[in-house]
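Here are my notes on this structure, point by point. Please read them with the model open.

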Amino acid sequence: MGDAPGSAESEVIASDLADRAATLWPSAAISGALHIVSTPIGNLGDISLRALAVLKEASVICCEDTRHARTLLSRYGIGTPTIAVHEHNEASVIPRLVARLKEGEAIALISDAGTPLVSDPGARLTEAAASAGLRVVPIPGASAVLAALVASGMVPHPFTMLGFPARKGKEREEQLALAARLPHAVVLYESPNRLVDTLRDLAAIAGTTRPVAVARELTKHFEEVKRGTLEEVAAYYEGTPPRGEIVIVLGGASFVAPSEDGLQAVAGALREEGFRPREIVQRLMDEHGASRNLAYRLAHDT
C-alpha cells in the first residue's frame with residue numbers, strides 16, 4: 001500500500017490527524033450504512049480527512065487482507081476491528097455483515113489500494129447491502145484509473161475501463177479487439193510479467209503506431225509514465241523489465257467512415273460464413289461503424 005512508516009514523530013502527527021478528523025466530522029460514519037472508502041494507491045498521504053474519520057468511527061472495516069490494511073491503519077493510529085472479505089469467504093461473511101448493518105452498525109469497506117470494486121473485491125457485499133434497502137455511501141479518493149488517465153497526456157474523457165484482460169483464449173482476443181477499436185482512451189490493468197505480451201498483442205490488432213501510456217508505481221518513489229507508440233513502449237519494456245503496479249492507457253482508434261460498398265462486401269462474407277441477419281447487423285454496427293438502418297438493409301440484402 002505504499003510508504004514505509006516514518007519517524008516516531010511523524011507517526012504521532014499522523015495519529016493526531018485521524019483524531020482531529022474524527023472530531024471535525026463526528027458523524028462521518030453513518031449508522032446502518034456501508035461506506036465504500038477509497039484508500040491510497042501508494043503514497044499514504046493520499047487519504048482524505050473524511051476517510052480517516054469514517055475508518056476511525058466505523059464498527060468494523062472490511063478489507064481484502066487484514067495484514068495489508070494494518071499498514072495504513074497503524075500509520076494513522078486507527079484501531080477499528082478488521083475482517084477479511086474476499087471471494088473465498090463472501091458467501092458466509094456477507095449475510096452476517098448485512099445483519100449487522102440492519103442492526104444499525106456503520107461498516108467500512110476498503111481494498112488493498114485505491115477505490116474498492118474497481119478490479120477489486122467488494123461488489124457482492126455492495127450489491128447485497130443495496131438489495132436489502134440499506135444505504136451505500138461512497139467516500140471518494142485515490143484511483144489508479146484516474147491517476148493514470150490524467151498523467152497519460154491523452155484526452156481523458158470519454159474513456160472505457162476494462163480492468164485486467166484475460167490471460168489467454170477467445171475472451172482475451174475479444175477484450176483486446178474491443179480495446180483496439182474504441183474511438184477513445186481505454187484503461188487496462190496488467191501485471192509486470194505480462195505487460196510486453198499485452199502491448200505486442202494490442203499492436204498486432206491496433207497497429208504499431210497507436211499511442212499508449214504505461215503508468216507504473218503511481219504515487220510511489222519509482223513512479224514512471226512511459227509514453228509513445230505501442231511499438232516504442234513495448235521495445236522499452238523488453239529492454240527494461242518493469243516492476244510494480246501497472247496501468248495501460250491506450251489511445252483511441254481513428255474513425256474512418258465506412259463505405260457502403262465495403263460494408264456490403266463484409267455483409268456478404270458474413271452471410272457466406274453462416275451468420276444470421278441479426279448477427280450481421282450487430283457485427284456491422286459494432287466492428288465497422290455502420291448505422292443501424294444501413295446495417296439492417298445490407299444484412300437483409302440477398
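1. Confidence. This is a predicted model. The average pLDDT is 91, and 95% of the residues score at least 70. Residues 1-5 are another matter: there the pLDDT is below 50. That stretch still has 17 contacts in the model beyond near neighbours in sequence. Where pLDDT is low, the predicted coordinates should not be read in detail.

2. Overall build. The protein has 302 residues, and 42% of them are buried. Its secondary structure comes to twelve helices and ten strands. The C-alpha trace spans about 70 × 50 × 30 Å along its principal axes. Take the contacts between residues at least 6 apart in sequence: 71% of them join residues at least 24 apart.

3. The largest nonpolar core. This core has 25 residues. Which members touch the most other members? They are Val-37, Leu-55 and Tyr-76. Two or more residues come from each of these elements: helices H1 (8-24), H2 (49-57) and H3 (66-75), and strands E1 (33-37), E2 (60-63) and E5 (135-139). Helix H2 gives the most, with five residues. In soluble globular proteins, nonpolar side chains tend to be buried together.

4. Set aside the neighbours of Leu-55 within four places in sequence. Leu-55 is then in contact with Val-37, Ile-47, Ile-61, Leu-73, Ile-78, Thr-80, Ala-108 and Ile-110.

5. A nonpolar patch on the surface. Leu-17, Leu-24, Trp-25 and Leu-49 form this patch. Together they have about 360 Å² of accessible area. Leu-49 sits in helix H2. Is Leu-49 buried or partly exposed? Its relative accessibility is 32%, so Leu-49 counts as partly exposed.

6. The structure holds 13 salt bridges. One of them joins Arg-200 and Glu-231, with the closest N and O atoms 2.7 Å apart. The pair links distant parts of the chain, 31 residues apart. Arg-200 is in helix H8 (residues 195-206) and Glu-231 in helix H9 (residues 230-239). Arg-200 counts as partly exposed because its relative accessibility is 27%. Glu-231 is also partly exposed, at 34%. Salt bridges that share partners join Arg-200, Glu-231 and Glu-238 into one network.

7. Two further salt bridges. Arg-100 and Glu-105 meet through their side chains, at 2.9 Å from N to O. Arg-100 has 28% relative accessibility, so it counts as partly exposed. The side chains of Arg-216 and Glu-224 form a salt bridge at 3.1 Å, N to O. Why does Arg-216 count as buried? Its relative accessibility is 14%, and the cut-off for buried is under 20%.

8. Ser-143 lies in the loop between E5 and helix H6 (144-151). With 16% relative accessibility, Ser-143 counts as buried. Not counting residues up to four places away in sequence, Ser-143 touches Ile-41 and Thr-115. Ala-206 is in helix H8. Leaving aside neighbours within four places, Ala-206 is in contact with Ala-180 and Leu-230. The C-alpha atoms of Ala-206 and Gly-79 are separated by 49 Å, and these residues are 127 apart along the chain.

9. Backbone points to check. Most residues other than glycine have a negative phi, and most peptide bonds are trans. A cis peptide bond joins His-157 and Pro-158, with omega about -5 degrees. Pro-158 lies in the loop between H6 and strand E6 (159-163). Leu-117 has a positive phi, near 80 degrees. Its place is the loop between strand E4 (107-109) and helix H5 (123-131). Leu-117 is partly exposed, with a relative accessible area of 33%. Thr-219 has a positive phi of about 70 degrees and is not a glycine. Thr-219 lies in the loop between strands E8 (211-216) and E9 (224-229). It is partly exposed, with a relative accessible area of 22%.

Terms used
Residues are numbered from 1 along each chain as its sequence is written. Side-chain values use heavy atoms; hydrogens and water are left out. A nonpolar core is a set of buried Ala, Val, Leu, Ile, Met, Phe, Trp, Tyr and Cys residues joined through side-chain atoms within 4.5 Å. Buried means under 20% relative accessible area, exposed over 50%, partly exposed in between (1.4 Å probe, protein chains only). Helices (H or I, at least four residues) and strands (E, at least two) are DSSP runs, numbered from the N terminus. Contact means heavy atoms within 4.5 Å. pLDDT is the predictor's confidence in each residue, from 0 to 100. Patches are made of residues with over 30% relative accessible area and no salt bridge: like charges are joined within 9 Å, nonpolar side chains (Val, Leu, Ile, Met, Phe, Trp, Tyr) within 5 Å. Accessible areas come from the Shrake-Rupley method with a 1.4 Å probe; for residues, only the protein chains shown count as cover. A salt bridge is a side-chain nitrogen of Lys or Arg within 4 Å of a carboxyl oxygen of Asp or Glu.
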